[in-house]
Amino acid sequence: MIRPSPQPNDRHARSPQQPVTPPDTAPQPASTAVAPPDEAVLLRGVLRSPGYLKTLLFCALVGVPVSLAAFWFLVGLRQLEHLVWADLPHALGRDGPPWWWPLPLLLLSGVCVAQIVTRLPGAGGHVPASGMHAGGTGPAALPGVVLAAVFSLPLGAVLGPEAPLIAMGGGLAIAFRRLARAPMSSRSTALLGAAGAAAAIAAIFGNPLIASVLLMEIAGVGGPQLFAVMLPALLSSGVGSLVFTGFGRWTGLGTGNLSLKLHMTASRLDAGDVVWAVVIGVVLGAVVHLIQYVGRLAAVQVARRPLRATTLCAFGAGVCAACYALFTGRTPVDVASSGQATLATLTADPHAWGVGALIAVLLCKGLGYGLCLGSLRGGPIFPAILLGAAAGILFAPLPGLGVIPGLAAGMAATATSAMRLPVSSVVLVVLVLGSTVMIPVVILSAVVAFVTTALLPTGPPVPPVPRVTRTQPSGAPGTPPDPPAP
């Protein structure tokens, strides 16, 4: 009879000298066998916590007053802009602002903003050249943020209102929490800041989805933290959007938004649109990166000489707008503004703009945009989208590329390069165009532009603007005198 060979798990058949090898399934020590907690369990714990539910309810309530404050803030900015650029020229007997009109306005803007950012708490908000920031501004900095925006945007700064809105929404939410004497913690403060910022930013974009995605991507969270931040921001922005829309209809006042009314029909995409989307993403990504590099250089000079450099940079932006109007015969508002009204005019009748005018607006507004990024206060989104639209229309006659694909690729590339937030840029451009046909072109151009800007050197870091203190008496040691005011 043939006996079976001994198995490794048969202790009687193993020689005494043979070492015992534990199987692979042997239990590991307790220190290494602990599995990471399940994200679903963590999320369930967050949602069941009483503190989070109270914060969620408070965020829904905060969306009402924050949206009303954002409404009147935007209405005030729009009325001031109309007064400065339309009513005053008409009162002087002119059909529109003359070519030299931006020079005194932006000179005044630079002088006033320099005083605000160096003497008030919060420095008037963050420097736009440093990118987008979530709503973490304290209530004490709100007066400086509002004043800096008032003396920047209506007077012709090549910036948008989104950054002051984010700062104002976050600061107001925290202020309301203090007035209500709600429990304070670092976590609830961060959630309230994000929710207030989302409620405010939904006003300018006209869509709560853009605001929520933008704030979540700025925060850079994931997993259970993503849902913890998403729910208050989405809830607050939704409530705020309802209040904002209803209040606008009731008062009859408008604030403007980024939704475009295109008089052209988007056709099917072909291979030419895809190829040119890649090219546009690379080219415009490098162009916007160069503009931001100029903004960082300007911010360095402002940090060294805040009063003088801020005034000179603002006046330089005015020179760009004046040169554009002088050489093209068009209104200087095309350059000396956020670009929101110009974008609607450009997309409504693209063929009314000649090649020379498109090139001039790209050069002049691009340079003014860079100077304002490092000196004045505002947001980077609106001017970037206008530059992308102008470049897309300029590239539209290329073989195999149409006007709408050019617009989609151009705006996606510049928005992504300016914000460094590809997901938010894709959502923003798709909703602005109001068409899902261009989604592949938008995504492709945004990703290519994001990679292009990420591979290029970022340039010098943006330093904080130093505060100007009072001059010490002569002979007092320790503190140098203030730099002279312009």
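Predicted model: local features only at pLDDT ≥ 70, side-chain atom pairs only at ≥ 80, totals over all residues.
Trainee: Where in the chain does Asn207 lie?

Mentor: Asn207 lies in a loop, with helix H6 (186-205) on one side and helix H7 (208-219) on the other.

Trainee: Which residues does Asn207 touch, not counting those up to four places away in sequence?

Mentor: Asn207 touches Ala202 and Leu431. Asn207 and Leu431 are 224 residues apart in sequence, yet their C-alpha atoms are 8.6 Å apart in space.

Trainee: What share of the contacts in the protein chain between residues at least 6 apart in sequence join residues at least 24 apart?

Mentor: For the protein chain, that share is 82%.

Trainee: How many helices and how many strands does the protein chain have?

Mentor: The secondary structure comes to 16 helices and 0 strands. Of the 486 residues in the protein chain, 49% are buried. The chain exposes about 22700 Å², and carbon and sulfur atoms supply 67% of that area.

Trainee: Which residues are in contact with Asp273, leaving aside neighbours within four places in sequence?

Mentor: Asp273 is in contact with Arg268, Gly400, Leu401, Gly402, Pro405 and Val441.

Trainee: And what is the relative accessible area of Ser445?

Mentor: Ser445 has a relative accessible area of 0% and is therefore buried. This serine is found in helix H16 (residues 439-455). Beyond its neighbours within four places in sequence, Ser445 is in contact with Ala277, Ile280, Gly281, Ala409, Ala412 and Ala413.

Trainee: Which residues form a nonpolar patch on the surface?

Mentor: The patch is made of Val275, Val278, Val279, Val282, Val283 and Val287, with about 400 Å² of accessible area together. Val287 lies in helix H9. At 40% relative accessibility, Val287 counts as partly exposed.

Trainee: How should I read charged side chains, and how many salt bridges are there?

Mentor: In general, side chains with opposite charges can pair when their charged atoms come close. Here the count comes to 1 salt bridge.

Trainee: Which residue forms a salt bridge with Arg330?

Mentor: Asp334 does, and the closest N and O atoms are 3.2 Å apart. Arg330 has 28% relative accessibility and so counts as partly exposed. Asp334, at 5%, counts as buried.

Trainee: Which ring does Arg330 lie over?

Mentor: Arg330 lies over the face of Trp353, at 3.8 Å from the ring centre.

Trainee: How are aromatic pairs described, and how many are there?

Mentor: A pair of aromatic rings is described by the distance of the centres and the angle of the planes. The count for this model comes to 2 aromatic pairs. One of them is edge-to-face: Phe71 and Trp72 are 5.2 Å apart centre to centre, with 80 degrees between the planes. Phe71 is buried, with a relative accessible area of 1%. Trp72 is partly exposed at 45%.

Trainee: What kind of aromatic pair do Trp100 and Trp101 form?

Mentor: Trp100 and Trp101 form a tilted pair, with 5.6 Å centre to centre and 50 degrees between the planes. Trp100 counts as partly exposed at 33% relative accessibility, whereas Trp101 counts as buried at 9%.

Trainee: Now the backbone. What is the phi of Ala123?

Mentor: Ala123 has a positive phi of about 55 degrees although it is not a glycine. Ala123 lies in the loop between helix H3 (102-119) and helix H4 (142-150). With 19% relative accessibility, Ala123 counts as buried because the limit is under 20%.

Trainee: And what is the phi of Arg420, and where is this residue found?

Mentor: The phi of Arg420 is positive, about 60 degrees, and Arg420 is not a glycine either. Arg420 is found in the loop between helix H14 (403-419) and helix H15 (422-433). A relative accessible area of 30% makes Arg420 partly exposed.

Technical notes
Residues numbered from 1 in each chain as written. Heavy atoms only, no water. Contact = heavy atoms within 4.5 Å. Salt bridge = Lys/Arg side-chain N within 4 Å of Asp/Glu carboxyl O. Buried < 20%, exposed > 50% of the residue type's maximum accessible area, 1.4 Å probe, protein only. Patch = residues over 30% accessible without salt bridge, like charges linked within 9 Å, V, L, I, M, F, W, Y side chains within 5 Å. Areas by Shrake-Rupley, 256 points an atom, 1.4 Å probe, with all protein chains shown as cover. Helix = DSSP H or I, 4+ residues; strand = E, 2+ residues; numbered from the N terminus. Phe/Tyr/Trp six-rings, centres within 6.5 Å; stacked < 30°, edge-to-face > 60°. Lys NZ or Arg CZ within 6 Å of the ring centre and 35° of its normal.
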